[in-house]
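Here's a quick walk through a protein model, written to be read with the structure open beside you.

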Amino acid sequence: MDAPTTAAPHPRLSINQATVKYATLPEALDVVSAAGVGAIGTWREPVAAVGLDEAVRMVADSGLRVSSHCRGGFFTIPDGAGRSAALDDNRRAIDEAAALAAAGAPGSAPVLVLVAGGLPDGSKDLVGARSRVSDALAALVPHALDAGVRLAVEPLHPMYCADRAVVSTLAQALDLAAPFPAAAVGVVVDTFHVWWDPALETSVARAGAAGRIASFQVCDWTTPIAADPLLSRGVMGEGHVDFGPVTAAVTAAGWTGDVEVEIFNQAVWDAPAPEVVDRVVRAFAAEVPLSLPLPR
């Protein structure tokens, strides 16, 4: 499948599969590779659709790096069968991340992105929910260390606190990660979720000093907010995010890995995948002032 891209993609650009949501895994791999992009961030649902063994083969054949695997988490529910099932599912996700990264090209990252989960139905106990996130990390870290996978806690914008993530700032994510080895638990810096934070530069520097940055994701914040707030992510340059200072802070903190473009946007999803990737390549070059060295 040929993509219309003519601009050379940045060598550290990765296309997160969410950006081409309606593409199957083989279609996404083909489109990203055809565009000359070197990396992809995988998602569990398209991997499950073909089966892990087949997904591993496809990734290996693609020649692409795997920059992360999305997503685990959603473990704020109270103790019981549901919580046990969630933890078991996260262990399976850890194994998937390990297998896909091992199949990817050199520079692939065995990283599992975690979205903490929101308040359980009928609950207003934020403190308790956040405590259960910490407990879940403690339960998962031994398996992550055995698998060589890094759990990446992603703070989400506060508007998602009730239903998706009780972790809202990078500082909170770092506090959750702190009790565990940096090799096992890191954090995600996602411009959509953290661009507004007045403590962002300080938190990014703290993350870098502790060796905790596990993933850097970019997209824009557009207004008006969509009826479904999940779909308010835009292509870089369409919204309000100033990518220069954020990228400079993450670079100064030592990040040299791939940078994923992750966009949830209905109009983007409805466009042909090759056109989306071409648009992302151009916007990334124009808006994200990233240094050139390849991931180590």
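## A cis bond going into a strand

Arg71 sits in strand β3, which covers residues 65-73; strands here are DSSP runs of E with at least two residues, helices are runs of H or I with at least four, and both are numbered from the N terminus. The peptide bond that links Cys70 to Arg71 is cis, with an omega of about -10 degrees. There's another cis bond from Thr223 to Pro224, where omega is near 0 degrees. Pro224 belongs to the loop between β8 (220-221) and β9 (233-234).

Phe74 is worth a look too: it isn't a glycine, but its phi is positive, at about 55 degrees. You'll find Phe74 in the loop between β3 and α4 (81-103). Its relative accessibility is 32%, so Phe74 counts as partly exposed (buried is under 20% relative accessible area, exposed is over 50%, and partly exposed is in between, with a 1.4 Å probe and protein chains only). As background, most residues other than glycine have a negative phi, and most peptide bonds are trans.

## What you're looking at

This is a predicted model, where local features need pLDDT of at least 70 and side-chain atom pairs count only at pLDDT 80 or more, while totals for chains, interfaces and linings use all residues. Residues are numbered from 1 along each chain as its sequence is written, and side-chain values use heavy atoms, with hydrogens and water left out.

## The overall build

The protein has eleven helices and ten strands. Its C-alpha atoms fill a box of roughly 50 × 40 × 40 Å along the principal axes.

Buried residues make up 56% of the 296. Take the contacts (heavy atoms within 4.5 Å) with a separation of 6 or more: 81% of them are between residues 24 or more positions apart.

## Inside the cores

The largest nonpolar core holds 87 residues, and Leu151, Val185, Val218, Met236 and Phe284 touch the most other members. Such a core is a set of buried Ala, Val, Leu, Ile, Met, Phe, Trp, Tyr and Cys residues joined through side-chain atoms within 4.5 Å. A second, separate core has eleven residues, including Cys70, Val111, Val188 and Phe264. Back in the largest one, Leu151 touches Ile94, Leu112 and Leu114, among others, not counting residues up to four places away in sequence.

Thr42 is in strand β2 (residues 39-43), and at 0% relative accessibility it counts as buried. Beyond four places in sequence, Thr42 is in contact with Gln17, Val47, Val66, Ser68, His69, Cys70 and Leu100.

Val250 lies in helix α9 (residues 243-252). With 1% relative accessibility, Val250 counts as buried. What does Val250 contact, leaving aside neighbours within four places in sequence? The partners are Val189, Val204, Ile213, Phe216 and Trp255. Pro198 is 52 residues from Val250 along the chain, and their C-alpha atoms are separated by 15 Å.
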